[in-house]
Number of protein chains: 2
Amino acid sequence: MNDMDYFFNPRSIAVIGVSKNPGKIGSIIFQNLFESGYKGSFYPVNPNADSVFGRKCYASVKEIENDIDMAVVAIPAGGAAQAVRDCAEKGVKACIVVTAGFSEIGKIEAENDLVAAAGGMRMLGPNVIGVYDAYTGVDTVFNARYRQGRPGKGGIAFISQSGAFGAAVMDWCVNEGIGLSRFASIGNRADVDEADLLEYLSMDESTKVIALYLEGAKNGRRFYEKLKEASSKKPVIVIKSGKSREGGRVAMSHTGSLAGSAQVYSGAFRQAGAIEAVTSEELFDFAKAATLPKMKSGSVQIITNGGGFGVIATDAVVENGLKLAEMSRETVEKIKVCVTEFATVGNPTDLTGNSTAGMYEAAIAGALEDKSVGAVMVVLLLQVSALESSVVDVIARSAASGKPVVVCSTGGEFTDAHKKLLEEGGVPVYPTPERAVRALKALAILSKTI
Amino acid sequence: MNDMDYFFNPRSIAVIGVSKNPGKIGSIIFQNLFESGYKGSFYPVNPNADSVFGRKCYASVKEIENDIDMAVVAIPAGGAAQAVRDCAEKGVKACIVVTAGFSEIGKIEAENDLVAAAGGMRMLGPNVIGVYDAYTGVDTVFNARYRQGRPGKGGIAFISQSGAFGAAVMDWCVNEGIGLSRFASIGNRADVDEADLLEYLSMDESTKVIALYLEGAKNGRRFYEKLKEASSKKPVIVIKSGKSREGGRVAMSHTGSLAGSAQVYSGAFRQAGAIEAVTSEELFDFAKAATLPKMKSGSVQIITNGGGFGVIATDAVVENGLKLAEMSRETVEKIKVCVTEFATVGNPTDLTGNSTAGMYEAAIAGALEDKSVGAVMVVLLLQVSALESSVVDVIARSAASGKPVVVCSTGGEFTDAHKKLLEEGGVPVYPTPERAVRALKALAILSKTI
């Protein structure tokens, strides 16, 4: 069993700092374990209460009768070291210190005390929102669930040096229908850092792709090695903030990390075989595409039902160094008999506002069977009248073809409902052609076709 | 009265091609006029019906007893020229031909017939979804309302050469809470073109900003002149697609327009004083920012409650050639007494996860009063527990300060509800710091501060 398993898949959890006030951080974490489907045992610790939320409360973690795999420390900074020491003495395997007020505000000695108290016990934090695991139900994220959703099961693991960035992106994922495998915020990294998690997640079966938000590596050499190792096993997408001199200064005061030179990082990412996201949107734009089958060629077939989006998509394919696939005459003829007479079959194939699910089916199937096509980009505008909702199933089925299919869909409420179904069916959906194509470019790089 | 007024503010409308089948294009347009709050008279025309939707139906527009300001032609291409001729003979002032199947599929003669039939009457189309006016209720967009929303009243006018692009973006606007003044899709531009509309909208009081999606200008010289004229009166944001050789070829077959050289267009936009959007998201990202007061300096104050977003925003400010504002010592001290002890007051000001509406109020008010601050960018992460919903009012009130305020907010359902309220309160909201800062850069260019 890897050390990190105790964070994501512990058999028992103690939450230190659960109060009768349900709005307190420790209380939210304790309630999470009821709501998240966590199957193990979990215990509240608070010396000032006999019971909380209908459970017997323990004065110290050491008083719990059973073994504890993982403990969460959610008490003010002053008492954190003692709580960590108690955990170590109890034989707890791993602990998460969510409490802030350590090296990030200059209190380096207090953080060193935590490390000393932990002894050999693995520690995540301090200054973290901790761990969320969609498969095991571990959830130490202390934002109330009505304010921040928890993503469903999926193939993307997400490591964030910033807790707030992690929370906001998880919340966004829920709305979009994007699933996660495991999430960890790493904060001050007094012990566990991004390298530990890269190593662990690279071997994790539920994780198909790793997304990483980084302000600066804790240990440059080890990070590079673990990034390279992980990238050889599965796609890793990294965004590095604090690239400007000014941004680096802010990162220093945020998580106490040395941001370092942007060029050095970009070069290291490339050499390690990871994909760098330049904007925060790209992190998940790329991660979603990276869950797809590899591209056998960099040739993209565009299928649209809006001419303008076809033009924008065509520009984007060319500008991103991808190629426009050229389907064979046979394929074109085969598709032509199945679509409206107003359609243009070519690249783009424009099914026009008269498009139906059947026409999409013919156009996508034809393209996927054609040798010249490395990936299919579907523009799906659901505003038009004749297009049935079953087009969602048509596209989701095509995702099993062994070739990557991405969708661009722009719109409002009706569109969003369909986008979410597509995402939940494993099809990445993007709000604009440009973002869809940039994601395909990232996939092409991972596929070594450009 | 400007010719174009007959399209956006007609006293009476005839819809030619209303059938008993409610799913037909003409029927949807006719129903729109019931649902949109249009105050004028409107009449259905169809030689094969005595009445439709409870209204007397006319065999020809010429049989309508009253004067008709505007007619919509929604019948198959074969009969369109005759319908247009009838309109001209009746003395109709303006007509919209939504019917497709003309020059965009090579039928140039058929399109010339339309122009001849119109005589001097102004004609929008063919091959358009036509006009939507949030103020007068004119709505010839033939997508059912459950599939495509209609934006509320706002200050952005939107001209789209592509109907599908226009429809998708309008639908998206509804979801985001973005209001429009007037919308027109210009399609094949047999008569009315982007230059006519630029001229009209530049003088339109409800329109504060003009957003234009263009594949290619119909008449380069006239377009440039009208663009320059319009840009001298209010901000104009343009996106030009069909920039690549391949994209230009697709644009040719889509709306029959010569795409022309990307550099020539970019140069012309810049010289005319318009702002070019490079991606389709930027069109409205920039248009929203352009509704704000001008920036007196290019110095941005960042106020955040998430450290990571502060780092990303700082990078973005520097990378986009803007400056980080340096608030005076007095301002800093004034803010400090109103915020949590864990906060960093500076640039960024980080209110941390303990942030409240009151802290945002103090930080924003302080920044807006400080001479060094040209614009305020607020990062608002609503996942955290202590932050009250009243922060929306705090920010919306600050928008009346005379300095631009933009918001970045990332998240799910809870966040989206608040974002929409902010947009409806006139505050532009962006999903990432990078997009918020790029929009501020566009505003800085319009303000001639960078």
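Predicted model: local features only at pLDDT ≥ 70, side-chain atom pairs only at ≥ 80, totals over all residues.
## Polar contacts between the chains

Across the interface of chain B and chain A, 28 residue pairs are in polar contact, with both residues at pLDDT 80 or more.

Which elements of chain B give two or more residues to the side that touches chain A? They are helix 5 (163-176), helix 8 (245-255), helix 10 (280-290), helix 11 (307-319), helix 15 (413-424) and helix 16 (433-446) of chain B. Helix 11 of chain B gives the largest share, 10 residues. By class, this side of chain B has 27 nonpolar, 24 polar and 13 charged residues.

## Extent of the interface

How many residues of chain B are in contact with chain A? The number is 64, and they meet 64 residues of chain A. The size of an interface is often given as the accessible area lost when the parts come together. Here, the area buried between chain B and chain A is about 4600 Å². Carbon and sulfur atoms give 58% of that area.

Three residues stand out on chain B. Arg147(B), Val311(B) and Gln383(B) supply 15% of the area that chain B buries against chain A.

One salt bridge links Arg435(B) with Glu281(A). Their closest N and O atoms are 2.7 Å apart.

## A sheet in chain A

Now look inside chain A. Six strands form an open sheet there, in the order 8-10-9-11-12-13. The pairing is mixed. Strand 8 (131-133) and strand 13 (275-277) of chain A are the edge strands, and each pairs on one side only. On average, neighbouring strands of this sheet are turned by 20 degrees against each other, direction ignored.

Take one pair of strands. Strand 11 (residues 209-214) and strand 12 (residues 236-240) of chain A pair in the parallel sense over five bridges. Which residue of strand 12 of chain A is the bridge partner of Ala211(A)? The partner is Ile237(A).

## Helices on the sheet

Helix 6 (residues 194-202) of chain A packs on the sheet. This helix touches strand 9 (153-160), strand 10 (180-185), strand 11 and strand 12 of chain A. The direction of helix 6 makes about 170 degrees with that of strand 11 of chain A.

Helix 7 (residues 220-233) of chain A lies across strand 11 and strand 12 of chain A. Helix 7 runs at about 145 degrees to strand 12 of chain A.

## Two helices in chain B

In chain B, helix 7 (residues 220-233) and helix 9 (residues 262-272) cross at roughly 35 degrees. Their axes come within 8 Å. Helix 7 of chain B brings Phe223(B), Tyr224(B), Leu227(B), Lys228(B) and Ser231(B) to the contact. Helix 9 of chain B brings Ala268(B), Phe269(B), Gln271(B) and Ala272(B). Of the residues in this contact, six are nonpolar, two are polar and one is charged.

## Backbone details in the loops

Gly125(A) and Pro126(A) are joined by a cis peptide bond, with omega about -5 degrees. Pro126(A) sits in the loop between strand 7 (122-124) and strand 8 of chain A. Asn127(A) is also placed in the loop between strand 7 and strand 8 of chain A. Its phi is near 70 degrees, a positive value in a residue other than glycine.

Chain B has a cis peptide bond from Asn347(B) to Pro348(B), with omega near 0 degrees. Pro348(B) lies in the loop between helix 12 (329-336) and strand 16 (349-350) of chain B.

Key: Residues numbered from 1 in each chain as written. Chains lettered and ligands numbered in written order. Heavy atoms only, no water. Contact = heavy atoms within 4.5 Å. Buried area = accessible area lost by both parts, 1.4 Å probe. Salt bridge = Lys/Arg side-chain N within 4 Å of Asp/Glu carboxyl O. Polar contact = N/O pair within 3.5 Å; in protein donor to acceptor, adjacent residues only side chain to side chain. Helix = DSSP H or I, 4+ residues; strand = E, 2+ residues; numbered from the N terminus. Nonpolar A, V, L, I, M, F, W, Y, C, P; charged D, E, K, R; others polar. Axes fitted to C-alpha atoms, helices over the stretch in contact; angles between N-to-C directions. Pairing = 2+ DSSP bridges.
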